[in-house]
Amino acid sequence: MPSFLLASMLLATPPASAVASDLHSYSQPGRVVVTALALDLDVSFERKSLEGTAELALEWRDPKATSLVLDTRDLAIAKVELTDADGVWIETKHTLAARDPVLGSKLVVETPKQPAKVRVHYRSAPEASGLQWLTPEQTLGRKHPFMFSQSQAIHARSWIPLQDTPSVRFTYTATIRAPKGLRAVMSADNDPKGTGPEFRFAMPQKIPSYLLALAVGDLRFASLGKRSGVYAEPERIDAAAKEFTDTEGMIDAAEKLYGPYRWERYDLLILPPSFPFGGMENPRLTFATPTIIAGDKSLVALVAHELAHSWSGNLVTNASWPHLWLNEGFTVYVENRITEAVFGPEQALMDRVIEEHELIEEMKPLEPELKKLVPDIGTRDPDDTFTDVPYTKGAWFLRTLEQRVGREAFDRFIRGWFDSHAFESVTTNDFLAYLDANLLKAHPDAMPRAERDAWLTEPGLPASALRVK
């Protein structure tokens with residue numbers, strides 16, 4: 001879509017959308033949508049692969065639809081089955097298209113009678129983009145191998161055939177068989193007392209595909225409180241438990257601001273030293289870099305960020321990747337409020353100063369399109385959008401609104417946004433409709449439409465953006 005058309009759509013602010021189209025997925029959720037996923041997988045470090053089945057429960061929306069389209073990348077598909085009228089599994093025809101370098105391969109399953117379920121037998125490739133296989137030497141203990149997933153943005157399709165778009169949310173269960181002596185954990189209800197080699201999981205809350213997560217390794221567990229804990233390699237578990245003693249306080253602070261924590265538990269997984277990211281907000285189990293264990297809690301703001309995603313991103317999710325700021329801008333804003341509540345206003349202010357400086361420096365060499373809060377990226381790799389722009393510029397926009405209407409009014413507005421859109425996938429137009437009806441209607445002079453659109457659709461920072469002093 002040309003940039004000027006995207007801008008005009010935002011300027012018009014049409015009514016809230018139902019399901020946004022996603023150029024980064026082959027799936028057709030307007031015709032049929034996956035409502036539940038059941039995984040049954042064997043983990044092989046020798047072959048560097050996951051092998052088994054993905055069973056998909058389907059809700060048919062188009063009575064004329066005769067096929068199910070799924071996203072895959074480098075998966076070997078053995079066969080596909082569907083249930084007949086009596087619930088018996090029968091094999092059906094499928095076609096795997098040529099591989100697109102960004103989107104992977106479209107899997108088309110013939111479903112002439114619109115079955116309730118489809119089951120795909122498959123194996124992931126050693127080079128799966130969403131799986132990282134570590135040798136013992138790449139771990140802290142140096143005794144056992146380790147594997148972890150990274151599904152965001154569109155890497156879930158490299159280890160599971162599914163509708164890999166954040167516009168689709170589903171529940172899931174999983175049976176994972178791991179090598180003897182290793183523990184499997186997922187973004188689900190982990191049992192710290194489970195001994196394997198077979199581990200069972202359930203995620204009763206609906207999530208988008210990018211929040212599917214799996215890790216297998218030599219892991220121990222330590223409790224941090226009534227609903228939080230940490231998993232780590234045995235050599236690091238004591239230091240991790242000591243570092244994250246403020247986790248329960250962070251959860252309490254976030255709840256006071258933005259309503260109940262709706263995911264039951266909040267646990268952390270501290271990954272081996274070779275984990276290449278800061279953190280990943282997988283629900284119920286944040287994946288985190290070991291570098292945040294500094295010994296003095298000076299880097300635990302990352303926990304505040306990933307915890308904040310339990311409201312902004314995990315609970316209310318961007319429907320497609322050009323709207324990433326709805327996840328990350330909100331999260332940076334909420335993170336700063338949690339930091340202020342737990343560690344004080346001076347720490348929160350210092351974090352903002354650093355973030356704003358880093359944003360300004362990072363934007364200097366960026367192409368103009370990527371300096372927009374809602375960029376037109378077409379079908380280019382959505383990983384390209386993960387700059388400081390959706391994070392810090394998004395939070396800056398929200399903070400500007402807060403300054404204009406006052407914190408009390410803005411807090412009510414943000415909590416209302418989370419409550420009214422809980423477990424939904426949304427677009428920027430959805431937000432703008434809610435903004436007009438629930439904040440700007442009562443504060444019509446808070447932000448002129450031209451200024452608002454400058455924040456969203458123009459490169460860089462508007463002239464009205466005030467820097468922290």
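This is a predicted model: local features need pLDDT of at least 70, side-chain atom pairs count only at pLDDT 80 or more; totals for chains, interfaces and linings use all residues.
Is Lys48 buried, exposed or partly exposed, and what is its relative accessible area? Lys48 turns out to be partly exposed, at a relative accessible area of 38%; that label covers values between the buried class (under 20%) and the exposed class (over 50%), using a 1.4 Å probe and protein chains only.

Residues are numbered from 1 along each chain as its sequence is written, and side-chain values use heavy atoms, with hydrogens and water left out.

On to the backbone. Most residues other than glycine have a negative phi, and most peptide bonds are trans. Lys48 has a positive phi, near 50°, and sits in the loop between β1 (32-44) and β2 (49-60). Strands here are DSSP runs of E with at least two residues, numbered from the N terminus. Arg284 also has a positive phi, in this case near 75°. Its place is the loop that links β18 (279-280) and β19 (285-288), and with 5% relative accessibility Arg284 is buried.

Then there are the cis peptide bonds. One joins Gln152 and Ala153, with omega at about 5°; Ala153 belongs to the loop between β10 (146-149) and β11 (169-177). Another runs from Gly196 to Pro197, where omega is near 10°. Pro197 is located in the loop between β12 (183-186) and β13 (198-208).

Note on methods. Helices (H or I, at least four residues) and strands (E, at least two) are DSSP runs, numbered from the N terminus.
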